[in-house]
Amino acid sequence: MTDPQLRLHPDKSAFTAAIAGDVAAIIAAAIDARGQSLVAFPGGSTPRPVFERLCDTPLPWDKVTILPTDERIVEPGHMLSNAAALSTSLAPVGATIVPLVTRVAGDADAGNEADIRVQSLAWPLDLVWLGMGTDGHTASIFAGPDLANALDAPDGRHIVAVRPGELPAEAPVSRVTLTARSIRAAQSILLSITGVRKRELIEAALADGADSPLPIGQVLAGATNPVTIHWCPE
Ligand SMILES: O=C1O[C@H](COP(=O)(O)O)[C@@H](O)[C@H](O)[C@H]1O
């Protein structure tokens with residue numbers, strides 16, 4: 001991995017503004033270069049203020065396609081759905097949101113259906129914007145029974161199903177996720193995290209590199225494109 005840029009912000013406001021600025025600049029550059037942009041945005045609670053900020057950012061949103069980095073296997077519109085959060089925020093300004101899950105299916109079927117749905121997109125991603133859980137998972141690449149499958153999926157397989165080792169209390173369901181290979185293939189990788197615990201985790205993961213026990217460490221260790229990490233206290 002090229003050395004990641006670690007940007008430490010004093011508060012949530014500066015953090016939100018910096019991420020929104022980076023995301024908008026990457027999208028604008030992609031549209032300038034090839035007339036469109038394909039990006040993946042994270043779920044969870046951390047990115048939501050940035051989504052709101054992006055809505056107020058003047059960009060040709062009709063040329064932007066956004067998929068979630070990962071999805072919980074729930075009905076469309078469910079309160080746990082990452083695509084629903086994206087649709088609420090960014091579909092009204094004109095972005096195209098590609099849901100990964102459109103029905104509740106068994107894990108393997110959900111993974112296969114999501115992968116088929118994204119095959120026609122203009123890969124690689126211009127940007128993958130990741131989050132990280134306090135267990136070190138990123139997207140939905142969890143330390144659990146499907147970790148190796150998500151880390152080692154073959155080239156061209158963009159989405160796989162993942163059963164978390166321990167079901168996360170905030171969203172106790174199986175997931176589908178971008179594979180490590182598709183994340184690393186993105187032109188730019190951005191990670192947004194908050195709080196002392198997550199800062200300690202990412203610093204340990206970066207120090208351990210490919211030997212990290214944490215999924216985030218193993219994913220980033222194989223990255224060759226620029227990685228920027230944004231952090232602020234809670
Ligand atoms: O479950 C998930 O969690 C992570 C981290 O979420 P946060 O609320 O702690 O920021 C998120 O990046 C991922 O996309 C989501 O599905």
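**Close-up views of a predicted model**

**View 1. The outward face of helix 7.** On the face of helix 7 turned away from its buried side lie the exposed residues Val196, Glu200 and Ala207. The model shown here and in the other views is predicted. Helix 7 runs over residues 196-208, 13 residues in total. From first C-alpha to last it reaches 18 Å, close to the 18 Å expected at 1.5 Å a residue. Just after helix 7 comes Gly209, which takes a positive phi of about 60°.

**View 2. The buried side of helix 7.** Lys198, Leu201, Ile202 and Ala205 are the residues of interest here, and each is buried in helix 7. They lie on the same side of helix 7 because the arc they cover around the axis is only 95°. The cover over these buried residues includes strand 9 (188-194), helix 8 (215-221) and strand 10 (227-232).

View 3. Strand 8 (residues 175-178) pairs with strand 4 in the antiparallel sense, over three bridges. In this pairing, Glu71 stands opposite Val176 of strand 8.

**View 4. The surroundings of Ile159.** Ile159 is placed in strand 7. This residue counts as buried because it has 29 C-beta neighbours inside 10 Å, where 20 or more are required. Leaving aside residues up to four places away in sequence, Ile159 touches Leu100, Gly111, Ala114, Asp115, Val118, Val176, Thr177, Leu178 and Thr179.

**View 5. The annotated span, residues 10-222.** An unreviewed UniProt entry gives residues 10-222 the annotation "domain: Glucosamine/galactosamine-6-phosphate isomerase". In the model, the C-alpha atoms at the ends of this span lie 30 Å apart. The span is 39% helix and 16% strand.

Technical notes
Residues numbered from 1 in each chain as written. Predicted model: local features only at pLDDT ≥ 70, side-chain atom pairs only at ≥ 80, totals over all residues. Pairing = 2+ DSSP bridges. Helix = DSSP H or I, 4+ residues; strand = E, 2+ residues; numbered from the N terminus. Expected span 1.5 Å × (residues − 1). Buried ≥ 20, exposed ≤ 12 C-beta atoms within 10 Å, placed from the backbone. Arc of directions from axis to C-beta. Contact = placed C-beta atoms within 7 Å. UniProt positions renumbered as here; feature names shortened; annotations may be inferred.
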